[in-house]
Amino acid sequence: MSKWGKPWWRAFPPYAPFTTRNEYVMLLTMTKKSAKPAAKKPAAKAAPKKAAAEGSNKVAKTQLVEMVADKTGLTKKQSEEAVSTMLDCIVGAIKGGQSVGLPGLGTLSVKATAARTGVRPGTSEKIQIPAGKKVAFKVASTLKGNL
């Protein structure tokens with residue numbers, strides 16, 4: 001309560017006819033809709049996306065392709081084919097249950113998970129989680145030492 005004997009926001013004219021602040025906010029949201037349809041935005045160019053990706057810590061596939069092209073002297077198309085083929089081979093080996101060793105980087109392998117009992121967060125109901133498989137990555141000791 002304020003010195004006027006009512007909530008502070010009720011003392012000022014824009015809110016005066018309303019019993020709650022929420023009623024006023026609802027009225028504003030209903031009346032602010034434009035009569036004109038929203039103008040379509042022009043199609044986004046690739047350059048802003050590329051600039052946004054460079055600012056992040058993640059290296060995208062296109063950036064890998066550019067790195068391979070720069071270091072090997074291959075064209076970007078050839079580099080893209082090489083990177084895609086390598087990734088397809090790695091994924092195929094992991095799907096087949098094999099481990100993939102990448103020297104200086106680490107080892108990707110498939111681990112079996114056992115069936116277990118879990119708890120559903122919303123209801124605290126006990127549920128049975130089935131057995132499955134997951135991909136594990138073990139960092140190479142040379143990379144660990146260099147970080």
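This is a predicted model: local features need pLDDT of at least 70, side-chain atom pairs count only at pLDDT 80 or more; totals for chains, interfaces and linings use all residues.
Two strands are taken as paired where DSSP finds at least two bridges between them. Strand S1 covers residues 100–102 and strand S2 covers residues 106–113, and the two pair in the antiparallel sense over three bridges. Leu102 can be found opposite Gly106 of S2.

Strand S2 also has a pairing with strand S5, which spans residues 132–139. Here the strands are again antiparallel, and eight bridges join them. Val110 stands opposite Val135 of S5, which gives the reader a handy pair of residues to look for when tracing this pairing. Taken together, the three strands form an open sheet in the order S1-S2-S5, with antiparallel pairing. S1 and S5 each have a single partner strand and stand at the edges, so one side of each is left without a neighbour in the sheet. On average, neighbouring strands of this sheet are turned by 25° against each other, direction ignored. As a general point, side chains in a regular strand alternate between the two faces of the sheet.

Helix H4 lies across S1, S2 and S5, and runs at about 140° to S1. This helix comprises residues 76–95, and Ser79 is one of its residues. Is Ser79 buried or exposed? With a relative accessible area of 0%, Ser79 is buried, because the cut-off for a buried residue is under 20%. Residues up to four places away in sequence aside, Ser79 touches Val65, Val68, Ala69, Thr72 and Leu74.

Helix H3 (residues 61–72) is the next element to consider, and Leu64 is found there. Leu64 has a relative accessibility of 36% and therefore counts as partly exposed, since that class lies between the 20% and 50% limits. Together with Val59 and Met67, Leu64 forms a nonpolar patch on the surface. The accessible area of these three residues together is about 240 Å².

A further hairpin is made by S3 and S4, with six residues between the strands. S3 (116–119) and S4 (126–129) are separated by a loop that holds Ser124. The strands run antiparallel and are joined by four bridges, and Thr117 stands opposite Gln128 of S4. Which residue in this hairpin takes a positive phi? The residue is Ser124, with a value near 60°. Ser124 has this positive phi although it is not a glycine. At 55% relative accessible area, Ser124 is exposed, because exposed residues are those over 50%.

Terms used: Residues are numbered from 1 along each chain as its sequence is written. Side-chain values use heavy atoms; hydrogens and water are left out. Buried means under 20% relative accessible area, exposed over 50%, partly exposed in between (1.4 Å probe, protein chains only). Contact means heavy atoms within 4.5 Å. Axes are lines fitted to C-alpha atoms, for helices over the stretch in contact, and angles run from 0 to 180 degrees between N-to-C directions. Patches are made of residues with over 30% relative accessible area and no salt bridge: like charges are joined within 9 Å, nonpolar side chains (Val, Leu, Ile, Met, Phe, Trp, Tyr) within 5 Å. Accessible areas come from the Shrake-Rupley method with a 1.4 Å probe; for residues, only the protein chains shown count as cover. A salt bridge is a side-chain nitrogen of Lys or Arg within 4 Å of a carboxyl oxygen of Asp or Glu.
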